[in-house]
Amino acid sequence: MKALSQKRRHPLAAVALLLLGLLLTGGLYAAATSINEAQATNAADAYSASDVEEGERLFVANCATCHGINAEGSDAGPSLIGSGAASVDFQVGTGRMPMQMSGPQAQKKPAQFNDEQTMQLSAYVASLGSGPAVADEEYLDVEQGNIARGGELFRINCAMCHNAAAAGGALTEGKYAPALDGVESRHIYSAMVTGPQNMPEFNDSNIPPEDKRDIIAFLKNNESQGVPGGFSLGSLGPVSEGLLIWTLGLALLIGSMVWLTSRSS
Amino acid sequence: MSSQSLESKYTEEQYSEVDQYQPATRTGKIANYVDQRVGGTGMVREFGRKVFPDHWTFMFGEVALYSFVITVISGAFLTFWFDPSMSSTRYDGSYVPLQGVEMSMAYNTALQLSFDVRGGLFMRQLHHWGALMFVMAMAIHMLRVFFTGAFRKPRELNWVVGCTLLLAGLGAGFTGYSLPDEVLSGNGLRIIDGMLKAIPVVGTYISFFLFGGEFPGDEVIPRLYSLHIFIIPAVILILIAVHLFMVVTHKHTQYPGPGRTERNVVGYPIGPVYAAKAGGFFFVVFGVLALLGGTFQINALWNYGPYDPSPVQAGTQPDWYIGWFDGLLRLMPGYIGGVPLEFVIPTPWGGNSVATPVLVTFIPITALLLGLFVWPWIESWITGDKREHHILDRPRNVPGRTAFGMAMMIWYFVMWAAASSDLIATHFSLSFNDVLIWLRVLFFAGPILTFIITKRICLALQRKDREIVLHGNEAGVIEMLPHGEFREKHTRVSDYELYTLVSYESPGVTAARPNAKGKVGLLEKSRVRMNRTFFEDRVEPVSREEYIEALSHDDHGTPAELPAGSVGAIESRKS
């Protein structure tokens with residue numbers, strides 16, 4: 001104790017203290033994030049070695065041109081090390097990858113691989129480094145979700161890009177947030193976890209898995225509840241309503257006007 | 001005093017005859033009873049004989065009136081349940097995705113109307129479609145009046161009443177849009193709040209005055225409600241009365257045609273056929289609106305959620321008639337080449353910011369709205385035409401006005417389209433930024449191009465009219481003459497059509513008039529410049545001589561003795 005109190009006026013004492021503080025916060029942060037990672041990757045062990053091997057073969061044949069032979073990335077595509085199984089499951093499962101053409105963002109299209117192949121590709125990418133895993137079935141069970149809470153979370157976190165009725169919306173430079181109608185629950189979950197294309201990432205400390213389930217429940221309820229007021233006009237809001245009154249509404253009016261003023265000759 | 005004059009008009013026997021008149025039928029008895037007490041005969045005689053010309057484009061004003069009535073009726077239904085209060089409550093109605101969510105009473109009762117009141121959703125949708133149709137019908141009615149020149153003397157003041165009605169319609173629509181207190185309408189209010197606050201010096205005070213403190217507060221919706229259900233509809237009703245009174249005073253305009261002059265109105269009297277048609281047309285409009293309200297969802301307010309100042313949702317737009325305000329805000333850049341347009345005036349209390357990007361949008365808004373009000377005077381100043389006009393112009397016969405009107409319309413369309421720039425981008429796979437850039441280019445270039453193109457089209461149509469009068473329509477029949485020449489037959493137009501094609505004025509450029517001091521002032525110079533853009537290029541209507549000349553060609557004979565009389569008479573003699 002005496003030695004410490006003697007050395008506290010040493011010129012390097014401040015530096016030592018600073019280092020100590022940095023080490024402590026850094027260590028705590030690392031510990032905290034690794035807890036999240038641990039939660040996220042809890043399903044990585046589910047893949048067998050043969051899945052990984054088969055996935056690698058598929059990867060080399062179909063993906064390596066852009067993502068590099070060891071998924072290390074190239075000028076044409078990002079590195080996939082640490083992307084995790086969820087990312088592959090979303091991108092390949094919704095047909096966005098392999099990409100049809102380069103452009104502002106990957107387009108959704110019919111999936112190019114079947115479920116087993118997609119799973120094998122996921123296994124390979126998951127084996128490259130820890131990343132978010134495909135959602136547990138528990139978090140996809142919309143029966144357990146709270147629709148009203150999901151709606152609130154959706155309006156706060158998602159509606160600014162995806163539209164209040166999940167009909168999609170525009171982003172800058174030709175990018176866009178797609179409509180969410182008919183998207184599979186696990187893909188919605190994966191998208192939230194991995195933040196594909198221009199979407200921000202909503203990790204588990206931001207929106208816990210139970211809340212993600214609520215959001216999915218809300219979206220699935222929107223799909224199944226139908227449109228209370230008749231034809232939805234794409235749920236695009238006042239623009240499509242204005243378009244309808246200026247087209248169908250006006251046409252009906254003009255038709256009846258011409259009829260009323262026509263002479264019976 | 002008046003008894004003397006009455007006595008001179010009717011005899012004592014005539015009075016007693018009226019008193020003793022006994023109708024034979026039951027209907028007659030009721031009618032007589034009412035007539036003796038309110039004097040309905042006089043009113044029916046006066047209005048029933050009012051003559052109206054027949055043309056489908058004259059009916060948009062009627063549509064506006066009817067859709068307003070329907071909107072008032074459906075709106076009255078909504079007031080029975082809607083509670084315009086911003087006090088907080090928890091939703092416990094039947095719409096599951098919002099159960100337990102905290103919201104204002106206004107949103108709660110709007111949801112209740114939609115899901116728990118029988119017929120409530122239909123009435124809400126009817127009300128909203130009615131509002132959209134009301135403003136649309138007014139807009140088209142005004143376009144018709146503008147392009148046919150029906151606003152000219154003596155109808156200038158009625159044009160101003162019409163413009164005020166349009167503004168009141170916008171006000172009614174906007175206040176209604178803001179009532180349900182969901183995220184969409186709250187965003188609309190926030191934009192209005194922003195526009196108010198952009199007004200230098202007093203803006204913040206006006207905003208605080210409107211919202212009863214800082215936005216959003218808890219007073220704005222009850223205030224908008226008073227405006228929406230009481231003040232604005234009352235203004236509209238009074239203005240409609242003034243508008244219709246003036247229509248009756250001025251008598252209706254008519255399109256040019258045989259027998260139609262500046263001193264008569266050719267058409268049918270209101271009673272009985274027009275009254276029946278107009279009454280029936282009310283139900284046609286009601287039917288169209290009911291069809292829309294019953295089958296097409298409008299303002300699905302349950303999707304938007306209770307108002308919360310933080311989220312703004314994709315696809316947030318105002319109703320169509322407010323769209324151009326929103327579009328202007330989108331068109332106006334906040335930065336030009338990295339230089340912010342907003343700046344701060346340094347003051348001892350920390351500086352006042354000037355929100356230029358918002359302020360600049362007031363310029364086109366004011367120009368367009370003010371221009372609309374004063375156009376009748378501007379036009380008569382440019383043309384120097386101070387006469388009364390009851391015969392309408394065919395738009396092509398006034399190329400200057402038509403071109404200018406189209407230019408302004410395109411200008412409005414560009415601002416309007418800008419409000420849906422995001423949906424244009426997503427639905428036509430375009431870049432949002434490119435859409436905005438193109439619309440910005442069109443904002444400046446569009447009106448100019450439109451003016452030039454429209455004027456050329458008008459002149460071309462006038463030349464086509466001349467061609468038809470002088471040579472007739474192409475019959476689509478090819479004849480081969482004995483010497484082998486091929487020729488297409490032309491058929492002459494009927495007298496009726498001929499009248500419409502030749503009976504218009506085509507004034508030339510009027511020279512500058514010096515003022516009392518004998519000088520041509522700057523104002524007069526600019527008037528002449530505009531007069532020249534209006535009238536420099538023109539097509540003369542076919543004259544009598546030209547027509548007779550053309551007829552003689554037709555015959556390949558001598559035009560020996562074409563008798564005097566109307567051109568039509570010449571035509572009928574020949575055929």
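Trainee: Why is B:Ile378 called partly exposed?

Mentor: Count its neighbours. B:Ile378 has 14 C-beta neighbours inside 10 Å. A buried residue needs 20 or more, and an exposed one has 12 or fewer. The count for B:Ile378 falls in between, so B:Ile378 is partly exposed. Keep in mind that this is a predicted model.

Trainee: Where does B:Ile378 lie?

Mentor: In helix α16 of chain B, which covers residues 362-383. The C-alpha atoms of B:Ile378 and B:Thr79 are separated by 43 Å. Along the chain those two residues are 299 residues apart.

Trainee: What makes the largest nonpolar core a core?

Mentor: Its members must be buried residues of listed nonpolar types, joined through C-beta atoms within 7 Å. This core has 154 residues. B:Val414 and B:Leu439 touch the most other members. Helix α7 of chain B, residues 120-148, gives the largest share, 15 residues.

Trainee: How do you know that B:Val414 and B:Leu439 are in contact?

Mentor: Contact means C-beta atoms within 7 Å. B:Leu439 is listed among the contacts of B:Val414, so that pair meets the limit. Leaving aside neighbours within four places in sequence, B:Val414 also contacts B:Leu442, B:Phe443 and B:Gly446.

Trainee: What does chain B look like as a whole?

Mentor: Chain B has 23 helices and 10 strands. Its C-alpha trace spans about 95 × 85 × 65 Å along the principal axes. Of its 575 residues, 34% count as buried. Take the contacts in chain B between residues at least 6 apart in sequence: 70% of them join residues at least 24 apart.

Trainee: Which domains does the assignment give for chain B?

Mentor: Domain 1 covers 2-38 and domain 2 covers 51-316. Their C-alpha centres lie 45 Å apart.

Trainee: Which part of chain B carries the label "Cytochrome b/b6 N-terminal region profile"?

Mentor: Residues 30-256, according to an unreviewed UniProt entry. That span is 69% helix and 4% strand, with end C-alpha atoms 44 Å apart.

Trainee: Which domains does the assignment give for chain A?

Mentor: Domain 1 (22-133) and domain 2 (135-227). Their centres, taken over C-alpha atoms, are separated by 21 Å. In the contact between them, 17 residues of domain 1 of chain A meet 17 residues of domain 2 of chain A. On the domain 1 side, α5(A) gives the most, with seven residues. That side divides into seven nonpolar, eight polar and two charged residues.

Trainee: Where does the UniProt label "Cytochrome c" fall?

Mentor: The unreviewed entry places it on residues 50-129 and 145-223 of chain A. Residues 50-129 are 51% helix and 0% strand. Residues 145-223 are 51% helix and 5% strand.

Trainee: What is known of the span annotated "transmembrane region" in chain A?

Mentor: The unreviewed UniProt entry gives residues 243-261. In the model that span is 100% helix, and its end C-alpha atoms lie 26 Å apart.

Technical notes. Residues are numbered from 1 along each chain as its sequence is written. Chains are lettered from A and ligands numbered from 1 in the order in which they are written. This is a predicted model: local features need pLDDT of at least 70, side-chain atom pairs count only at pLDDT 80 or more; totals for chains, interfaces and linings use all residues. Helices (H or I, at least four residues) and strands (E, at least two) are DSSP runs, numbered from the N terminus. Two residues are in contact if their C-beta atoms, placed from the backbone, lie within 7 Å. UniProt positions are given in the numbering used here, feature names are shortened, and annotations may be inferred rather than shown by experiment. Domain bounds come from an automatic or database domain assignment. Ala, Val, Leu, Ile, Met, Phe, Trp, Tyr, Cys and Pro count as nonpolar, Asp, Glu, Lys and Arg as charged, and the others, Gly among them, as polar.
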